[in-house]
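User: I am new to this structure and would like to learn how to read its features one at a time. Could you take me through them, giving the general idea before each case?

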Amino acid sequence: MRNRIFADALATSFLAGELSLEETVARATRTLGKTWPWLRSVAKRYLTVFNGPTPPRHQEVVRFLLRNAVFQTACAKYSSVLRVHQWIAEPMRMRPAKAALEWHVPPITTTGDLADWLGLTVSELDWFADLKGLGSKRSAKRLRHYHYRILAKESGNIRLIEAPKTRLKELQQKILRGILEKIPVHEAAHGFRIGRSIQTFVAPHTGRHVVVRMDLRDFFPSLSAARMQTFFRTAGYPEEVADLLGGICTNAAPLEIWRDTGLGADRRSLREAHDLYSRPHLPQGAPTSPALANLCFYRADCRLAGLAKAAGAVYTRYADDLAFSGGQEFERGAERFSIHAAAIVMEEGFQVRHRKTRIMRQSVRQQLAGLIANQRVNVRRADFDRLKALLTNCVRHGPSSQNHEGHDRWQEHLKGRVGFVESINPARGQRLRAVFEQIDWK
């Protein structure tokens with residue numbers, strides 16, 4: 001117990017300032033009231049272990065000290081005279097990592113400051129952040145923060161859409177606008193960015209000898225709450241504030257939603273989905289999730305862009321879709337390149353859906369995110385034909401007869417699909433527009 005108290009006090013002093021040896025030793029000396037000869041060795045080892053860009057958690061430092069042989073020996077040898085002379089009680093402050101010094105995020109240093117910034121009481125802040133995971137244990141739907149919709153994909157996998165309720169969504173939008181949108185993402189990222197689109201994602205790969213397409217597995221749910229909290233600490237927020245921000249932006253799905261899904265999915269798929277979504281993760285449906293996913297993939301984007309440049313290729317990413325393309329030299333080593341790219345993705349904590357990796361040469365249809373990239377960005381002929389047939393049936397039989405998926409705003413839905421084709425291929429889009437305008441919506 002005494003060792004734990006000393007470790008707790010030293011951890012507090014270590015974390016109170018910048019990572020320099022002399023300052024760390026000086027703060028530890030103030031804490032213990034004496035320049036113990038072993039302090040420098042422990043401080044030096046601490047700075048070596050925690051030399052990353054993000055400040056460690058308090059408990060991580062405590063565990064490090066309790067496992068440190070020099071500290072353990074000192075506690076045993078000087079147990080009768082070792083005392084905590086002074087607890088370091090410096091005010092909390094923003095401590096951004098070196099890479100985050102230019103991020104113009106609002107300074108929020110205490111739980112009370114965060115509650116005020118979000119327009120909440122401290123108890124309401126705790127309720128929405130739900131760091132104890134009580135939301136995943138509540139059976140009453142009205143007490144949950146999310147609405148859930150389970151989708152079965154053609155591949156047999158299951159996707160969970162988690163839509164935050166109104167008040168939580170407002171808090172997430174505040175974090176998105178006030179913090180996340182002020183942080184730059186990598187130039188290779190084209191998804192969920194103003195001025196970028198699926199078209200800008202595909203355009204750099206048109207007319208290339210070979211296009212390599214890779215797909216990430218479980219992109220959003222694979223990003224854990226711990227990773228989000230680490231990101232906010234990297235931005236400079238103290239541990240308590242970072243944990244609460246991460247809690248508001250993540251979720252753990254309750255067990256009850258997996259019962260009687262009506263999907264006819266096999267038990268194994270449901271069990272895997274339950275295990276994946278029951279852990280605190282980025283929810284697909286929250287306004288903060290796309291921005292956080294882009295920001296947390298930044299280092300992977302840097303490494304993949306560097307790998308592509310070294311191979312004479314171009315790299316872009318749209319959410320979980322990765323695309324690389326190049327000329328004849330890149331074409332000769334495309335298979336080997338895809339293996340190296342997959343290794344980088346795995347090293348960064350993500351997974352590649354290997355069976356969806358495609359190496360597409362000019363002799364085949366080079367398809368990215370549902371668009372064609374061979375000579376120019378274009379919509380697939382089959383997609384155009386299906387949409388044209390749907391619009392024609394709306395003209396002949398009435399629009400309501402074709403709304404098989406029950407869209408609440410069916411007219412706006414179809415109008416958006418026509419507009420998308422117009423943005424990619426104006427000539428084809430105008431033909432669809434002419435049919436759309438013949439629909440009698442009355």
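This is a predicted model: local features need pLDDT of at least 70, side-chain atom pairs count only at pLDDT 80 or more; totals for chains, interfaces and linings use all residues.

User: How many of the residues of helix 10 are buried, and which are they?

Analyst: Two terms come first: buried means under 20% relative accessible area, exposed over 50% and partly exposed in between, computed with a 1.4 Å probe on protein chains only. Helices are DSSP runs of H or I with at least four residues, strands are runs of E with at least two, and both are numbered from the N terminus. Helix 10, which spans residues 225–234, is mostly covered, with seven of its ten residues buried. Those residues are A225, M228, Q229, F231, F232, R233 and T234.

User: What covers the buried residues of helix 10, and what follows the helix?

Analyst: Contact here means heavy atoms within 4.5 Å. The elements that cover the buried residues of helix 10 include helix 8 (166–178), helix 11 (239–249) and helix 13 (289–296). After helix 10 comes G236, which has a positive phi, near 115°.

User: How should I read the largest pocket, and which residues lie nearest its centre?

Analyst: A pocket is found on a 1 Å grid over the protein atoms alone, as an open set of points with protein on both sides within 12 Å along at least five of seven lines, and its lining residues have an atom within 4 Å of a point. Grid points are joined across faces, edges and corners, and the volume is the space filled by probe spheres set on the points. The largest pocket has a volume of about 1,000 Å³. Its lining has 35 residues, and K153, R159, D215, D320 and K356 are the ones nearest its centre. Strand 2 (158–164), strand 3 (210–215) and helix 13 each supply at least two residues of that lining, and the largest share, three residues, comes from strand 3.

User: What is the make-up of the lining of the largest pocket by class?

Analyst: In this scheme Ala, Val, Leu, Ile, Met, Phe, Trp, Tyr, Cys and Pro count as nonpolar, Asp, Glu, Lys and Arg as charged, and the others, Gly among them, as polar. The lining of the largest pocket has 15 nonpolar, seven polar and 13 charged residues.

User: What is the order of the strands in the open sheet of three strands?

Analyst: Strands of a sheet pair through backbone hydrogen bonds, either parallel or antiparallel. Two strands pair if DSSP finds at least two bridges between them. The open sheet of three strands has the order 7-8-9, with antiparallel pairing. Strand 7 (367–368) and strand 9 (378–379) are the edge strands, each pairing on one side only. Strand 8 (residues 371–372) is joined to strand 9 by two bridges, and the bridge partner of L371 in strand 9 is V379.

User: Where do R381 and D385 lie?

Analyst: An α-helix has 3.6 residues a turn, so residues three or four places apart point the same way. R381 and D385 both lie in helix 17 (residues 381–397), four residues apart, about one turn of the helix, and their side chains form a salt bridge (3.3 Å, N to O). R381 is partly exposed at 43% relative accessibility, as is D385 at 35%.

User: What are the phi values of D218 and A319?

Analyst: Most residues other than glycine have a negative phi. D218 has a positive phi, near 50°, and it is placed in the loop between strand 3 and helix 10. A319 also has a positive phi, of about 60°, and it is found in the loop between strand 4 (313–318) and strand 5 (321–326). D218 is partly exposed, with a relative accessible area of 24%, whereas A319 is buried, with 8%.

Notes: Residues are numbered from 1 along each chain as its sequence is written. Side-chain values use heavy atoms; hydrogens and water are left out. On a 1 Å grid over the protein atoms alone, a cavity is a set of points where a 1.4 Å probe fits but cannot get out, and a pocket is an open set with protein on both sides within 12 Å along at least five of seven lines; lining residues have an atom within 4 Å of a point. A salt bridge is a side-chain nitrogen of Lys or Arg within 4 Å of a carboxyl oxygen of Asp or Glu.
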